[in-house]
Amino acid sequence: MDATVEIRRLVKVYHDDTRGEIRAVDGIDLEVRRGEVMGLLGVNGAGKTTTLRILATILSPTSGTALVMGHDVTAEPEEARRSLGYYSSTTALYPRLTARETLEFFARINGYPPGLVRRRVDELIEGMGMSRFAGSRVEKLSQGMKQKVSIARTIVHEPGVLIFDEPTAWLDVLNAHDMLEMIRDLGRSGHTVVFSTHIMSEAQKICDRIAIIHSGRIKAVGTPESLMSSTGTPSLEEAFVRLVRGGEV
Amino acid sequence: MRSPGWRVVPRLYAREMRCALRDRTIVSNTILLPVLMYPFVIWLAFTVMSLVMSRSQGLRPEVGVSAGFTDPSATIAALSGEGLSVLETDSSTGASMVADGTLAAMVSPSSDAPAGLQSAVVLYDGSSEAGRTAAGRAEDALSGMRERAVRRLLPGIGVTPLRWAGFRMRTANTASSRQMGSFILSLMIPATFVVMVSVGCFYTAIDAFAGERERATFETLLSTSAPRFGIIASKYLYVATFGVVSGLLNLGAIAVSVPAMLAPLLRSAGESISFELGAGQLATAAGAGVLLALFLSSGMLLFACVARNFKEGQAMVTPFYLAAILPVMFLQTPGLELNPVLKVLPVVSSVLIMRSGLQGAVDVPLSLASIFTTLAGVALLLLAAARVLRHEEAVTGSFSGSPSALFRRLLGRTVRAPKGTVNG
């Protein structure tokens, strides 16, 4: 079994004073294999972010299990977090640290061997073309530069699993394009990537498989082509609409 | 890779400190303000005092004098001699001129004086500076006239000036100039010290949680393998450090600026007071300051920990800040000392330890008991913060309603079914 992310009957219930009980995630089962780019495709409020936040151990599940590299996110949260890199459109960098300080900080607090931190950071700065601004504070960097630092921060401790929660939200077309390229490259370099989006073209472009999620439930899982053929639709968008409105496949 | 565990605390702490020291608001509020406040306040107070005095001395207010005094020319001469311009006029015109502000005061003989006794009335507008100055100078002039008149009469009734004086009184202060200085400092320092330590903790406590959430860095931090207790511990150390630094810098500024600025000014006014503090006094005051900072930072951290932005942070921390500094205003009372009741009140007991330390008279058993109760208070506040932050809605800021309502719910007795806890 080479699944690096395993989710079984995952449920997350919120209580709201006005709306009562909300089942944000309602019994999800999902496996993501080593080296695979898995897309979670769904509309806003479908349960994508809640699922990914549970994987990142920011939220705890109401019931069910989630394993990251074999570590239960509830029983071994620190081990699970050390095995993953989490990136979201809502996560930001410390503005008053330099790019280099940022990478060193995240490597160290994620338990990367202290003697290897400097080499690893140099390697990333060189490899991702950040030498020019490595000594500049993050607050002085352009959006594209910050994006590179954020990606580098996510992978600096060499996690096996990478989680990207709507990474292109708030980005302009060019930066979004670069972001998707970087995610695809990370997938090709052997990382397991779980990527959430509500944009069909993004999912189709970089994902090996896609899980369509709606109202906290997985409606279908498959390659973009298999989803289209199983629904008899010519595009992923139409496949998505049919699956969400017409039942499971 | 091994779990970083507690080893993560110094790394997180170093990051907090590095970012804070690069933040202008935090640096100016917690470092520059405590250092510069005392020299600036002392300089400002004496500059304003000098300006007011020189302005008052330069004033030559106009006063009216009506007819009817036994020796009108002597009265006018006495008033002129006190720096007043004199206008001879009748009582009712003078009263109208005082009312419309044309005259600063009006001096008239009193009509209701007993027979044989000369008496005067000084009419003035107490709401104007010229009126108050004129009235004061007129009173001095008339008192001088009275004293001179009495002395002229004494030989005629066989009384010598010495007998007339009756007896003379003088007081002798046994305190040394250094003891007086310590006493004055012990009344001056603690109140501002509490304010400075509070300011040092205030911004940093809000920045530690609300600032992180507002900058969207908190979720980034939560997604790392740093344990939650490590995050809370490092933030507490960060807030406490700035509280301690603020307080100690303030103490240092006082120790340097007060002797350098206040003592020469008092000496020029004829007072010889030494404001030099000994190493023991400074060490006790510093120790009490550290204790105070440890307590205030834990309290502020507790109230700031659920704030989602600076506005909420200020709303949550301000009541604690006021509750901490208000009792200190009453501690200005000289003679109030640490006692078995006050020793259990954390901020009050720290201030009283500091005050007694500055006066060189520390009650060691009571002070040790105060340290113990304050540290117990710190532990309770941090445990409460840890309890609040076990709830994911508190950590993620996803709760609806106000932070204070969340607090009541999470820490209150009638807690609803928990909404979930945070891993780690």
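H15(A) sits across from E21(A), a residue of strand 2 of chain A. Before going further: this is a predicted model, where local features need pLDDT of at least 70, side-chain atom pairs count only at pLDDT 80 or more, and totals for chains, interfaces and linings use all residues. Residues are numbered from 1 along each chain as its sequence is written, chains are lettered from A and ligands numbered from 1 in the order in which they are written, and side-chain values use heavy atoms, with hydrogens and water left out.

Back to that pair. Strand 1 (residues 3-16) and strand 2 (residues 20-33) of chain A run antiparallel and are joined by 11 bridges, with a three-residue hairpin linking strand 1 of chain A to strand 2 of chain A. Strand 1 of chain A also runs antiparallel to strand 4 (residues 63-68) of chain A, through five bridges; there, V11(A) faces S63(A). On terms: two strands pair if DSSP finds at least two bridges between them, and helices (H or I, at least four residues) and strands (E, at least two) are DSSP runs numbered from the N terminus.

## A covered strand in chain A

How many residues of strand 8 (residues 192-197) of chain A are buried? Six of its six are, so the strand counts as mostly covered, where buried means under 20% relative accessible area, exposed over 50%, and partly exposed in between (1.4 Å probe, protein chains only). One side carries T192(A), V194(A) and S196(A), the other V193(A), F195(A) and T197(A), and both faces are covered.

Strand 8 of chain A pairs in the parallel sense with strand 3 (residues 37-41) of chain A over five bridges, and with strand 7 of chain A in the parallel sense over five bridges as well. F195(A) turns up in both pairings: G39(A) stands opposite F195(A), and F195(A) is the bridge partner of F164(A).

Most residues other than glycine have a negative phi. E166(A) lies in the loop between strand 7 (161-165) and helix 6 (173-188) of chain A, and its relative accessibility of 14% makes it buried. In chain B, A216(B) has a positive phi near 65 degrees; A216(B) belongs to the loop between helix 7 (177-214) and helix 8 (218-222) of chain B and is partly exposed, at 23% relative accessible area.

K146(A) is part of helix 5 (residues 143-155) of chain A and is partly exposed, at 28% relative accessibility. Leaving out residues up to four places away in sequence, K146(A) touches L93(A), V138(A) and L141(A) (contact means heavy atoms within 4.5 Å). The C-alpha atoms of K146(A) and A99(A) are 8.3 Å apart, with 47 residues separating the two along the chain.

## The sheet in chain B

Chain B has 15 helices and four strands. An open sheet of four strands in chain B has the order 2-1-3-4 and mixed pairing. At its edges are strand 2 (85-88) and strand 4 (120-124) of chain B, each pairing on one side only. Neighbouring strands in the sheet are turned by 25 degrees against each other on average, direction ignored. Axes here are lines fitted to C-alpha atoms, for helices over the stretch in contact, and angles run from 0 to 180 degrees between N-to-C directions.

Helix 4 (residues 91-99) of chain B packs on this sheet, where it touches strand 2, strand 3 and strand 4 of chain B; its direction makes about 160 degrees with that of strand 3 of chain B. Helix 5 (residues 129-153) of chain B lies across strand 1 (62-65), strand 3 and strand 4 of chain B, at about 165 degrees to strand 4 of chain B. Strand 3 (residues 105-109) and strand 4 of chain B are antiparallel and joined by five bridges, one pair being S108(B) and V121(B).

## Chain B overall, and the interface

Chain B has a radius of gyration of 32 Å, while a compact globule of 424 residues would have one near 22 Å (taken over C-alpha atoms; the globule rule is 2.2 Å times the number of residues to the power 0.38). The C-alpha atoms of chain B fill a box of roughly 105 × 50 × 40 Å along the principal axes. Buried residues make up 46% of the chain's 424.

Where the chains meet, 41 residues of chain A are in contact with 36 residues of chain B. Together the two chains bury about 3,600 Å², 51% of it on carbon and sulfur atoms; buried area is the accessible area (1.4 Å probe) that two parts lose on being put together, summed over both. Y94(A), R96(A) and I109(A) supply 20% of the area that chain A buries against chain B, more than any other three residues.
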